[in-house]
Structure formats: C-alpha cells, structure tokens
Amino acid sequence: MVVENRQVLSRTQQNKQTLFLADGRYALFEVIASTALVTFYHATDTQTLEVDQSSSRVVVGIINPILQQVNGFSEALPRVLDEFSDPVVNPYVEQHGLENGQYWYVLPNPGGTPLYRYIHQTGRFGYPVPDVLNVIESLVTAVRQSPLKKEFGYLEPGAIYYEVESNQSTLINSPVATALNLVSQSHYSKESDRPTLHSGYLSLEVALGKNPTDYDDSFSLAAIAYQMLNGHLPFVNDHTVEAAFKKTIPAAIAKLEPESSRVMLNALAFQREQRPANGEELLYQLQNPPPLPKEPGRLSGWIKLSAAAVLLMAGVAFAAFSYVNPHNGKSPSPGQRVSANIDNRETQHKLTELQQQYEQEVQKLTELKQQQQEETQRLSELKQQQHQEAQRLATLKQQQKLAVQETKSIRQTELKEERRIAWQKKQEAKKRRAEAQKKTSPTVYQTASASSKVAYPDPAPRLLRKVNPRFFNPGLFGKIPASEQAAADQSVLSVTVNSETAD
C-alpha cells in the first residue's frame with residue numbers, strides 16, 4: 001500500500017494536480033520517505049500562512065493500511081493520536097483523521113533534516129566514526145525521551161529528523177509505534193495475527209510481528225550505524241527476513257577496529273541473545289570495544305611451526321632407518337651397503353636444510369614479535385599524546401573562558417567608571433549653570449541702618465527691556481504697534497505705583 005501511495009502521488013504530479021487531505025486543507029506535494037509503518041510527505045497547510053503570506057509547511061504521515069489487520073490497532077490509534085495532540089509531547093500531532101480507509105496525521109515541520117537524506121549526502125564513502133557515534137547517541141536519547149522510554153523497535157532513518165548542530169533526533173513515527181506497543185500488551189492481539197514488515201532496519205523478530213524489546217533497538221541502531229559507515233545497508237538490498245532466509249552475513253567494516261567490528265556484527269545477529277542488551281550497551285561497546293575472545297585449543301604460530309618441524313624430522317629419520325636397515329638385522333651385501341651410505345648422506349643433508357629452515361622461521365617469528373612490541377609501544381605513546389593533547393585543549397578552553405570572563409569584568413568596570421565621570425560632569429555643569437544664573441539675577445541692596453534710605457534706580461528700564469526690547473530702539477525692529485505701546489505703558493505705571501507704595 002505504501003507503493004500505491006507513491007504511485008498515486010506520482011500520477012497527480014504528472015497531471016499537475018495535488019493530493020489533498022482534510023477537505024483540501026493539506027496539499028501533499030513530495031514524498032519524504034516510505035517506511036514499514038508510515039509513508040511521510042511534505043505538504044502545505046492552506047489555512048495557515050507564514051510571514052510572507054505563503055502557506056506553512058507541514059509533514060503528513062499516511063499510515064500503512066496493513067497495520068489495520070492487527071487486532072485492536074484501529075481502536076488504539078485514535079486515542080494515542082489524541083494524546084500526542086498535547087504540545088508538550090514530542091512529536092506534536094497537529095491534526096489526524098481517517099480518509100479513504102487510511103489513517104493520517106499531521107506534524108509541524110520538525111527541525112533538522114530527514115536522517116536518510118543526511119546519510120545519503122556522503123554516498124558510498126560514509127561518515128567518520130565519531131560522527132556516527134554522535135548520531136547513535138542522539139537516537140538513544142530520543143528513544144529514552146519518547147513516551148515508550150524503551151523497547152521502541154521501529155527505528156528507521158526515513159522516520160527520523162536529525163539536527164546536526166544540537167545533535168538531537170525526533171522520531172516522527174512515535175505515535176504509530178506507541179499504538180502498536182499498546183496493542184501488543186493487550187490480550188486481544190496475538191503475534192501470529194500480525195503482518196510481516198519489510199525493512200532492512202528492523203530486527204527479524206519485529207519484522208515477523210513479535211513484541212519489540214531493547215535487543216531489537218540494538219539491531220536497528222547497528223543497521224543505521226553500519227549504513228553510515230559503509231554507505232549501504234548490512235544486507236544491501238535484502239530485507240531482514242530475506243537475509244535471514246539466505247543466512248546472509250554482513251561484511252566487516254574497514255573503518256572499525258576488529259574489536260568494534262565484532263561488536264557491530266553481534267548487534268546485527270538474527271538471534272536476540274547475541275546482541276547487546278540495549279542501545280546504551282551498544283554505544284558503550286562501540287566506544288570501549290571488548291577484546292576479541294581467544295579460540296580454545298588454538299596454538300600460536302611458533303608452536304605450530306615447531307610441531308611441524310619435529311614431525312617432519314621424525315618422518316625423515318624413520319625413512320632413513322628404513323633405507324639403512326631394510327633387511328631387518330640381516331647383513332646387507334656390499335652393493336646394498338654402498339647404496340645405504342649414499343641414502344644416509346642425502347638424508348643428513350635434508351635434515352640439515354630442514355634445521356636451517358626451522359631456525360630461519362624461528363628468527364622471523366622473533367622479529368615479528370619484536371615489531372609487534374614496538375607497534376604496541378608506539379600505540380601506547382600515541383594514546384598518551386592524545387590524552388595530553390586533550391588535557392591541553394581542555395586547559396586552553398578553561399583559560400579562554402577565564403579570559404572572556406575577565407574581559408567582561410574589566411569592561412563592566414570601565415562602563416561604571418565612565419558613567420560615574422559622566423554623572424560628575426553633569427553635576428558640575430548643573431552647578432556652573434546655577435552660579436551663572438545667580439550672578440545675572442538682580443541684587444537687592446540694603447544699607448546698614450534701617451532708617452537710612454538709598455535712592456534706587458528706576459526699575460522701569462529693566463522691566464521694559466523684559467516686556468519689549470523694541471521700546472528702547474524702535475529702529476532695529478520697526479515701529480512699535482499701538483497695542484504693545486499701551487501694554488508697556490501700563491506695565492511701567494503699575495511698577496512705579498508699587499515702588500512708591502513700598503517707599
């Protein structure tokens with residue numbers, strides 16, 4: 001049915017039409033990915049506009065109709081989608097419904113990039129090991145933060161959005177996985193009634209309809225990591241069920257050490273008991289791979305060489321004895337005695353050559369051991385240098401942090417000092433203005449004796465100057481209007497009367 005959905009969308013694109021949902025509100029225009037549970041599309045919400053007046057982008061998931069064969073799934077799914085309609089839950093389901101016999105749900109455009117597109121950016125060369133471990137760590141965290149907390153079981157790159165900068169992943173098929181997990185815990189659903197899922201990322205047990213466990217998450221995480229490292233899936237183009245039927249064994253990963261490669265192959269085993277217990281255990285073993293187990297009864301190279309040489313020498317000695325004493329104690333004839341002496345010399349020559357070869361092989365083995373010790377010592381030195389560089393980098397980061405803090409503190413002190421100086425200057429300016437204003441204001445003169453009086457100057461000129469400066473110099477400003485002249489005369493008269501009254 002997922003393929004049919006792609007065919008429908010392809011036909012609508014060829015006819016320059018768009019597939020709509022929810023009475024034409026959501027217009028589906030591009031397939032993001034087709035997974036075992038859901039097919040995801042890029043779509044536009046025609047009822048919601050962005051800042052530039054364009055329709056907002058959303059992600060629409062059309063659930064695989066084959067899941068409706070699972071007893072209780074059709075009843076559990078709407079309830080689970082209602083729970084995911086809470087904005088606190090991740091991912092947040094904006095709307096969901098049933099149309100043409102297919103369940104669908106809408107998510108706001110998640111941050112980041114679909115993980116399968118991120119994986120395909122490097123092609124067959126793959127990513128470096130540290131980048132792959134970062135992605136696996138983000139997926140482990142996403143599973144632990146999902147409503148299921150563990151035993152997710154349906155990790156596929158097409159159903160994951162990955163944000164590189166924050167190293168965060170969003171599982172956009174989480175509602176469907178939660179509904180399947182809820183149904184699997186009920187007594188109405190039987191594992192034998194569940195359909196087979198075709199995916200190279202799902203474990204054999206989950207693909208065959210069994211309830212997911214943490215062992216199955218280890219398989220899915222290992223399959224994603226394998227593809228990111230090698231540029232292709234562990235079983236190439238085969239689904240897990242097909243690979244198990246063919247008994248396919250994934251190839252070793254050249255980027256990993258033999259110990260880490262063994263951990264990856266164990267996680268991709270078809271039997272649960274051979275895999276790491278959960279995603280955290282897989283991540284820990286990849287970061288700290290255990291040593292390879294020694295095969296019981298296996299002899300080292302020099303012991304094998306010694307045993308072969310001893311057996312060869314014993315065989316040659318027995319052959320020489322047979323040549324020398326072919327008559328079982330009877331006296332040989334002179335011709336036989338000469339022939340036996342010749343054979344004896346040839347045998348001794350062969351024994352000498354074998355002894356020399358044995359000594360050469362022992363010397364080569366000694367040199368190889370010495371080289372191995374030197375390489376081990378060199379590796380130890382490199383690890384020590386790496387540790388020292390890491391410490392030096394941490395010290396530099398700490399110094400940089402302290403320098404930034406010190407610079408910030410100095411800048412804050414300077415700003416405080418600048419504000420203090422500015423405030424002082426402002427106060428001084430205010431003080432100077434007050435003193436200047438005090439000097440320009442009229443001064444009242446009084447004599448020492450209260451009975452004596454001093455003739456004050458006529459206040460009229462100062463008042464007239466304030467009233468109208470044109471009173472004293474009409475030529476500068478033109479003729480004074482009659483109304484202004486009357487007002488000035490009245491002001492002078494009132495000031496004169498008040499002055500005389502005071503006297």
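Reader: Where is the place of Ser199?
Author: Ser199 lies in the loop between helix H5 (174-184) and helix H6 (204-207); helices (H or I, at least four residues) and strands (E, at least two) are DSSP runs, numbered from the N terminus. This is a predicted model, in which local features need pLDDT of at least 70, side-chain atom pairs count only at pLDDT 80 or more, and totals for chains, interfaces and linings use all residues. Residues are numbered from 1 along each chain as its sequence is written, and side-chain values use heavy atoms, with hydrogens and water left out.

Reader: Is Ser199 buried or exposed?
Author: Ser199 counts as buried because its relative accessibility is 4%. Buried means under 20% relative accessible area, exposed over 50%, and partly exposed in between (1.4 Å probe, protein chains only).

Reader: Which residues is Ser199 in contact with, leaving aside neighbours within four places in sequence?
Author: They are Ala36, Glu156, His239 and Thr240, where contact means heavy atoms within 4.5 Å.

Reader: Turning to the sheet, in what order do the six strands come?
Author: The order is S1-S2-S3-S4-S6-S5, in an open sheet with antiparallel pairing. Two strands pair if DSSP finds at least two bridges between them.

Reader: And which are the edge strands?
Author: Strand S1 (19-21) and strand S5 (95-99) are the edge strands, each pairing on one side only.

Reader: Over how many bridges do strand S2 and strand S3 pair?
Author: Strand S2 (residues 26-34) and strand S3 (residues 38-49) pair over seven bridges, in the antiparallel sense. Ser34 has Thr39 in S3 as its bridge partner.
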